[in-house]
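Look over the structure first, then read on.

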Amino acid sequence: MNEKMTPAWQEMGLTCQEYDKICEILGREPNYVETGIFAVLWSEHCGYKNSRPVLKKFPTEGKHVLQGPGENAGIVDIGDNQALVFKMESHNHPSAIEPYQGAATGVGGIVRDIFTMGARPIASLNSLRFGDPSDPLVRYLFSGVVAGIAGYGNCLGIPTVGGEIFFHPSFKDNPLVNAMCVGIVDHDQIRRGYAEGTGNLVMVVGARTGRDGIHGCTFASEELSEESEERRPAVQVGDPFMEKLLIEACLEVMKAGYVVGIQDLGAAGLTSSSAEMAGRAGAGMELDISLVPRREEGMTPYEVMLSESQERMLLVLEPQHVEAVKRLFAKWGLEAVVIGKVTGDGIYRIRDGETAVAEIPVKALTESPVNYPEQREPEYYQRLRRWRADDVPEPDNCTDVLWRLLASPNIAGKEWAYSQYDSMVMLNTVVGPGADAALLRIKGTPKGLALTADGNSRYCYLDPYQGGAMAVAEAARNLSCVGAEPLGLTDCLNFGSPEKPEIFWQFTRAVEGMSAACRALSIPVISGNVSFYNETNGEAVYPTPVVGMAGLLPDISKYVTGAFCDPGDEIALLGRFAPTLGAGEYLAFIHGIEAGAVPSLDLEQEKRVQECCRRLVREGLIKSAHDCADGGLAAALAECCIAGKLGADVALPINGRKDNILFGEMQSCIVVSCAPGRLPAVLDNAAAQGVDCRVIGAAGGDRLLMRGAADRGVLIDMPVEEMEKVWRGSIASFF
Amino acid sequence: MKFGVVVFPGSNCDADCYHVIDQVLEHPVTYIWHQEKKLSGVDCVIIPGGFSYGDYLRTGAIARFAPVMDEVIRFAERGGLILGICNGFQILLEAGLLPGAVLRNESLQFRCHDVFLRVENAATPFTNRYRQGEVIRFPIAHGEGNYYADPDSIKQMDENGQIVFRYCLENGESAAQANPNGAVGNIAGVCNKNGNIMGLMPHPERCCEEILGNTDGILLFSSLLQWWGFPDQKRVTA
Amino acid sequence: MFEARIHVMLKKVILDPQGKAVKNGLLAMGYDCVDDLRVGKYLVLTLNTADRAKADREVREMCDRLLSNPVIEEYNYDLQEVAP
């Protein structure tokens with residue numbers, strides 16, 4: 001055999017230019033460990049080398065923002081000396097390889113990002129994407145991911161209160177698993193990942209270090225292929241009990257005032273956490289990795305530095321507190337070991353006992369070079385936009401279509417998944433999973449906290465700019481539907497390979513669309529994560545920016561859900577009713593067509609509709625609110641009926657193709673209901689804010705009846721009880 | 001009446017139980033750390049839900065050997081009131097303070113949702129404010145709540161009134177589809193022969209406040225007060 | 001030094017949902033001669049003693065007290081002398 005040897009740096013994913021740059025910085029060639037350190041910190045996953053310039057487009061400031069992007073998580077003020085800490089992160093590749101552990105450790109990682117800021121985690125959400133659930137492999141991934149989220153989150157005692165699931169063939173082998181965690185903290189308890197104070201000590205606490213997950217982060221920065229199937233050992237195994245101990249112990253140590261800086265060991269393990277902490281503080285760091293407690297014998301310095309063993313934290317503290325901190329961790333049965341110190345020379349120095357292992361300027365590690373990948377509008381974009389509905393036959397029996405849509409995995413109830421999550425522990429959950437937004441009380445205050453996670457992969461594929469804007473608008477609308485005002489958002493940007501110009505175009509356009517919506521609705525981006533290389537054998541997933549959003553309700557006793565409440569209540573549409581067949585679930589599921597222009601979104605109009613909805617909720621004028629989304633007005637009304645176990649009788653507001661009016665999708669339109677006596681006030685309010693509001697019928701009875709405008713007869717007639725059976729039973733029927 | 005909530009490192013409903021006693025019931029309550037060897041003079045011990053020591057071997061198996069459990073067992077022998085909820089119930093079963101054992105849910109899935117329960121014995125210290133046969137709604141949240149005891153034991157327990165709650169339909173009927181985990185005889189909660197120890201899989205502490213949408217659980221806690229001699233509970237909302 | 005290999009199984013009279021699920025999986029894959037399947041636990045532990053009687057006594061005790069629950073489970077084990 002005379003095979004050409006690939007140099008180590010190339011195997012580790014560095015480019016030729018990057019390697020030259022490293023040699024230039026060091027004034028010499030890096031050794032093996034140093035090369036590994038550069039490779040992980042300059043990878044897209046840690047260093048955001050491709051996405052950074054694009055992410056600068058996001059607005060990140062606002063009156064509530066206490067901490068924007070760049071820390072372990074973002075922070076917004078919620079008044080009363082309290083703040084909300086939140087972030088969302090992807091764990092797509094690990095979940096594709098080993099769904100249970102991949103999802104479980106995804107939850108573990110994001111929870112650590114929250115409590116490392118000093119916050120008590122109070123809620124989890126998730127956004128998931130899978131292929132067609134009739135495929136057994138997809139069901140294996142789906143059930144494994146759900147069980148993993150449940151297995152980890154339930155053990156921690158953090159309620160999983162919401163999220164979304166979407167199925168599409170493009171996610172068949174590369175599911176998306178985006179986990180969000182939200183914590184609450186008093187302002188004076190906020191901690192950050194700063195390695196400050198020359199002479200302060202660096203401590204590693206929690207689980208021992210093993211060989212698991214080495215290269216997890218370069219793994220996340222490449223496409224999945226048959227080879228990656230064989231890399232199973234790279235996936236880490238989570239220990240939620242250990243994490244629970246870590247949460248309690250770390251919060252106790254922080255509360256006692258012993259912590260100068262703290263960060264979890266996530267992607268690229270000890271390497272990224274220590275370098276980032278030193279980088280933020282402009283300090284240097286010296287570590288002796290022979291002191292790191294190990295789970296396995298014979299680990300090399302390289303392995304110790306890059307291990308992604310879970311449930312570990314890095315602490316910086318003043319020397320006089322070491323013993324007290326050790327005692328505190330011992331109370332929780334945890335190891336805490338000093339492994340180094342903060343230095344003032346800006347150098348990242350690693351020793352293994354007396355042997356020097358690495359010596360690199362911190363700045364060089366944390367300020368990775370930036371790429372400006374080429375971008376190109378994909379061929380499909382204009383072609384699919386031009387699609388017209390003329391060739392699609394209008395259905396004869398719309399009731400039958402609605403039956404099928406309610407059973408569509410994307411519209412059907414997701415109870416099969418979320419009833420596996422403990423959604424109630426901590427006694428804050430006022431509205432749990434399955435609603436537009438989850439609602440939590442904030443104990444000791446009259447306030448409520450609304451949370452949601454949203455994205456629309458199909459819209460983003462057909463129009464990344466509008467799709468990105470709609471992800472933000474819809475998340476905000478979901479919060480507004482319960483009556484909450486959005487405070488800030490976190491995002492997970494899931495795309496294919498940035499090295500493909502068409503993919504990078506999708507990415508850039510989506511971020512631009514999101515940014516436009518953020519500005520129009522005054523919602524800053526406070527944290528986030530980019531996941532590229534979501535591809536299998538060269539095929540990218542549908543571009544999927546997911547938005548996690550938090551909002552505040554001043555008085556939690558005044559909230560509404562989507563459920564119709566009482567017979568006789570008036571049902572109205574708030575916002576402009578302008579459905580379109582393009583890009584919708586009806587077209588995809590019933591006709592197998594994914595094409596057409598996405599619904600139009602007027603951000604000014606959106607803003608007014610949302611403000612109006614929030615006001616109507618807060619003033620107690622409406623009893624329910626639910627936005628028209630997948631499956632259009634018919635699906636929205638069906639969901640309101642199912643949630644309220646109450647029928648409705650409505651007449652369609654306009655004429656035209658009946659499938660378009662019933663199932664066509666739109667933005668900025670909310671189904672609301674109110675007591676008849678409140679209707680004049682509701683209409684006045686809407687008119688005063690320049691928002692369309694049109695009564696379409698009333699709640700009551702045990703069937704959903706939808707009549708055509710101008711005597712076109714009954715188009716839909718369904719018993720609510722039967723609808724509920726179909727809608728609730730659909731996902732479970734795959735198993 | 002003074003309550004103590006036992007805290008294992010993996011307990012995660014400890015703060016919830018504490019909150020209900022302190023904020024809703026408005027009675028004194030204290031945490032009892034699993035390493036402690038004293039119960040600090042409490043009148044009722046609550047063993048809360050969670051994953052005690054990770055529960056990797058069997059739920060509650062290791063917890064029952066915790067230092068605090070010796071004292072809990074002595075307290076039980078003296079007739080002290082002990083309430084085990086979810087993981088707390090599992091620990092009481094492992095400790096032999098209650099008869100039977102739990103297996104994994106028949107679905108093999110963790111389940112979190114509301115269930116309906118029929119009060120089978122309204123004469124215990126834990127249920128005296130309910131009506132015999134009353135149907136109530138409690139949430140469950142467990143992966144291993146599939147109660148099992150051999151047929152002879154079940155028969156005996158039945159005769160002794162030790163079966164306190166059974167899963168049922170909203171109208172009170174026993175039915176397989178009302179059983180969330182496969183428990184034998186739809187059993188959701190049992191007590192010892194003496195009646196001073198009760199364990200149940202559902203979570204009464206999760207349904208004690210209006211804002212959370214359900215107050216069916218508060219009568220369980222006020223039953224304890226009634227038993228202890230506080231007949232006029234201002235918050236009783238029967 | 002002894003090594004104990006312990007099998008803990010649900011008692012025969014007790015329904016084993018996990019075993020049932022695995023069995024159904026195998027049947028679905030076409031292994032239609034699968035008759036019965038039960039899932040148990042397998043524990044391997046080493047004991048630092050040269051006294052076989054003591055090792056045997058302690059393993060039995062550990063099984064009775066912690067490693068199995070006699071209400072639902074039964075166990076068996078074998079004990080082998082191994083090089084330290």
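Q: In strand 12 of chain A, which residue is the bridge partner of Met285(A)?
A: This is a predicted model, where local features need pLDDT of at least 70, side-chain atom pairs count only at pLDDT 80 or more, totals for chains, interfaces and linings use all residues, and side-chain values use heavy atoms, with hydrogens and water left out. Residues are numbered from 1 along each chain as its sequence is written, while chains are lettered from A and ligands numbered from 1 in the order in which they are written. Strand 9 (residues 284-288) and strand 12 (residues 347-352) of chain A pair in the parallel sense over 4 bridges; strands (E, at least two residues) and helices (H or I, at least four) are DSSP runs numbered from the N terminus, and two strands pair if DSSP finds at least two bridges between them. In strand 12 of chain A, the partner of Met285(A) is Tyr348(A).

Q: Which residue takes a positive phi in the hairpin of strand 12 and strand 13 of chain A?
A: Strand 12 of chain A also pairs with strand 13 (residues 355-361) of chain A, in the antiparallel sense, over 6 bridges. One bridge links Asp352(A) to Thr355(A). The hairpin has 2 residues between the strands, and the positive phi, near 65°, belongs to Gly353(A).

Q: What is the volume of the largest cavity?
A: A cavity is a set of points, on a 1 Å grid over the protein atoms alone, where a 1.4 Å probe fits but cannot get out. Grid points are joined across faces, edges and corners, and a volume is the space filled by probe spheres set on the points. The structure holds 4 cavities of 30 Å³ or more. The largest has a volume of about 50 Å³.

Q: Which strands of chain A each supply at least two residues of the lining of the largest cavity?
A: Lining residues have an atom within 4 Å of a point; among them are Val204(A), Arg208(A), Pro293(A) and Glu335(A). By class, the lining has 7 nonpolar, 2 polar and 2 charged residues; Ala, Val, Leu, Ile, Met, Phe, Trp, Tyr, Cys and Pro count as nonpolar, Asp, Glu, Lys and Arg as charged, and the others, Gly among them, as polar. The strands that each give at least two are strand 7 (201-206) and strand 11 (335-343).

Q: Are helix 7 and helix 11 of chain A roughly parallel or roughly antiparallel to each other?
A: Helix 7 (residues 99-115) and helix 11 (residues 240-255) of chain A pack at an angle of about 10°, with their axes 11 Å apart. Axes are lines fitted to C-alpha atoms, for helices over the stretch in contact, and angles run from 0 to 180 degrees between N-to-C directions. Angles under 35 degrees count as roughly parallel, over 145 as roughly antiparallel, 65 to 115 as roughly perpendicular and the rest as oblique. Helix 7 and helix 11 of chain A are therefore roughly parallel.

Q: Which pair of chains shares the most contacts?
A: Contact means heavy atoms within 4.5 Å. No contact joins chain A and chain C, whose closest C-alpha atoms lie 11 Å apart. Of the 2 pairs of chains in contact, the one with the most contacts is chains A and B.

Q: In strand 18 of chain A, which residue is the bridge partner of Cys492(A)?
A: In chain A, 6 strands form an open sheet with mixed pairing, in the order 14-15-16-21-17-18. The edge strands are strand 14 (429-431) and strand 18 (525-531) of chain A. Strand 17 (residues 485-494) of chain A runs parallel to strand 18 of chain A, joined by 6 bridges. In strand 18 of chain A, the partner of Cys492(A) is Asn529(A).

Q: Which strands stand at the edges of the open sheet of chain B?
A: The sheet has 9 strands in the order 2-1-3-4-11-10-9-6-7, with mixed pairing. Each edge strand has a single partner strand, so one side is left without a neighbour in the sheet; the edges are strand 2 (29-33) and strand 7 (135-142) of chain B.

Methods:
On a 1 Å grid over the protein atoms alone, a cavity is a set of points where a 1.4 Å probe fits but cannot get out, and a pocket is an open set with protein on both sides within 12 Å along at least five of seven lines; lining residues have an atom within 4 Å of a point.
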